[in-house]
Amino acid sequence: MRTAYSVETVRTAERALMARLPEGALMQRAAAGLAAACAELLGRVYGSRVVLLVGSGDNGGDAMYAGARLARRGAGVAAVLLAPERAHAEGLAALLRAGGRVVGAGADRSAGAAAAAGVGAVEEAVLRADLVVDGIVGIGGKGGLRPEAARLAACATESRAAVVAVDLPSGVDADTGEVPGDAVRADLTVTFGTHKPGLLIDPAREYAGSVRLVDIGLGAELPDEPELEALQHADVARLLPVPAAESDKYRRGVVGIAAGSVRYPGAAVLAVSGALRGGAGAVRYVGPAGDAVISRFPETLVSDQGPKHAGRVQAWVVGPGAGDDASAVGEVLSSDVPVLIDADGLRLADADAVRARTAPTLMTPHAGEAAALLGVSRETVEGARLTWARELASRYGATVLLKGSTTLVADARGGAVRVNATGTPWLATAGSGDVLSGLAGSLLAAGLSARDAGSAAAYLHGLAGRYAADGAPAGAHDVAEAIPAAWRDVRD
């Protein structure tokens, strides 16, 4: 499992560790890991051209100490000092001793040299570089890049150089994943001690490129509960239910699907398909699309008497393709079993009825649906996904699975938010969310908590989307068909 911690937590842990280490030892550990990652990316260090974009403080120090290591291996290393008077003095001295140099205004700290700006020399160095190291702003930075730094970041993007960010791409918010202005776009981010939330959540995740975690000995100083968790194969495998010898359909879990309408019968078919492939022992369908469902899945138990009279279920899925009929939503919310609310059900559900429930509730909105429930714009939600997922969970007293390029699962009681990035842009297709709802509902019926069911379903759904598409267009039906393959790969 990948874990991420807030800036405040990381800094507290670093202070505790530094108190037990010789002065500068922690920075040297970080610099060694950074230099190794840069060398691997370069392939051939000797004769390569490396440019360091250096801000003030320890982040710039990490970059210059790493630059010194590369210089000693024969790289031509040049540092651009964005704040010469506040550059890390020991790191700069180490770089110069190793044969590195300073270009631009920082090469001569006189007012005349600063006025000349050295703009041409700096831009030329960046454009000719094989590798650009972003050491402009550390994890505590807020707001977008300032104009001079933004110009250099744009220059690095225009160049053919590989861009490596130190700990976090400059200009993104480490705690929230927000990108409030101009930011560095990295090919590789080398982060120290632990992941930061912004490295795992879009939109910031898009700026990080590949992420490499360097162990600097911070683990023992970090608290047990992180800010964010990203499940891996082994974690999901431990959550997935496996039938035992004495299992029957009821022990495996019966999920009720209240979905579809005359206008949208396909939503019901797709939700049922996700539930059946999610391991449900049986699926009870309630709604006006019974003929379409039974013709595609004859094993489905179909009823037209409403959720209250459908028979025994261990969980309900309500809302996909429901249109404007709120009756089924109200009946399902009044039940005493776990409920997943999706699509039209989110709009039709009474907020007070959701909050009054004592059994688990899992809401699965995309950004537009979440925005409507929160009374903000879709762009607002997409720009601060972690913040709004938590807010929606808190307002409704429910677990929220916020769909998107990175899926977030936030619990109303707080705690670590789960993040999933197994998805693919090919999943942005009609009906894909209906399949996810059925899949998650089957896991709820099997006894998983709302948090675990949402997390495992998002992981499997993302893998299935990749398998179904394999670089080419695929529909929601194809995604459902690929769920067993995703399940097998996770279990194996």
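Two strands are taken as paired if DSSP finds at least two bridges between them, and strands (E, at least two residues) and helices (H or I, at least four) are DSSP runs numbered from the N terminus. In this predicted model, local features need pLDDT of at least 70 and side-chain atom pairs count only at pLDDT 80 or more, whereas totals for chains, interfaces and linings use all residues. Residues are numbered from 1 along each chain as its sequence is written, and side-chain values use heavy atoms, with hydrogens and water left out.

**The parallel sheet**

Seven strands form an open sheet with parallel pairing, in the order E4-E3-E2-E5-E6-E7-E8. Its edge strands are E4 (101-103) and E8 (210-214), each of which pairs on one side only, and the twist from one strand to the next averages 25°. Within this sheet, Val-164 has Leu-188 in E7 as its bridge partner. Helix H4 (residues 89-97) lies across E2 (49-54), E3 (76-81) and E4, and runs at about 110° to E4; such angles run from 0 to 180 degrees between N-to-C directions, with axes fitted to C-alpha atoms, for helices over the stretch in contact.

**The mixed sheet**

Eleven strands form a second open sheet with mixed pairing, in the order E1-E9-E18-E17-E16-E15-E14-E13-E10-E11-E12. Strands E1 (2-4) and E12 (301-303) stand at the edges with a single partner strand each, so one side of each is left without a neighbour in the sheet. In this sheet Leu-340 stands opposite Leu-362 in E15.

| Pair | Residues | Sense | Bridges |
|---|---|---|---|
| E6 and E7 | 162-166 and 188-192 | parallel | three |
| E14 and E15 | 339-341 and 361-363 | parallel | three |

Six of the eight residues of H16 are buried (under 20% relative accessible area, with exposed over 50% and partly exposed in between, for a 1.4 Å probe and protein chains only), so the helix is largely enclosed by the rest of the structure. The buried residues are Ala-367, Glu-369, Ala-370, Ala-371, Leu-373 and Leu-374, and they pack against H14 (344-348), E15, H17 (378-383), H18 and E16, contact meaning heavy atoms within 4.5 Å.

The axes of H16 (residues 367-374) and H18 (residues 385-396) come within 11 Å and cross at roughly 50°. The two helices are therefore oblique to each other, given that angles under 35 degrees count as roughly parallel, over 145 as roughly antiparallel, 65 to 115 as roughly perpendicular and the rest as oblique. Their contact is made by Ala-370, Leu-373 and Leu-374 of H16 together with Trp-388, Glu-391, Leu-392, Arg-395 and Tyr-396 of H18. After H16 comes Gly-375, whose phi is positive, near 75°.
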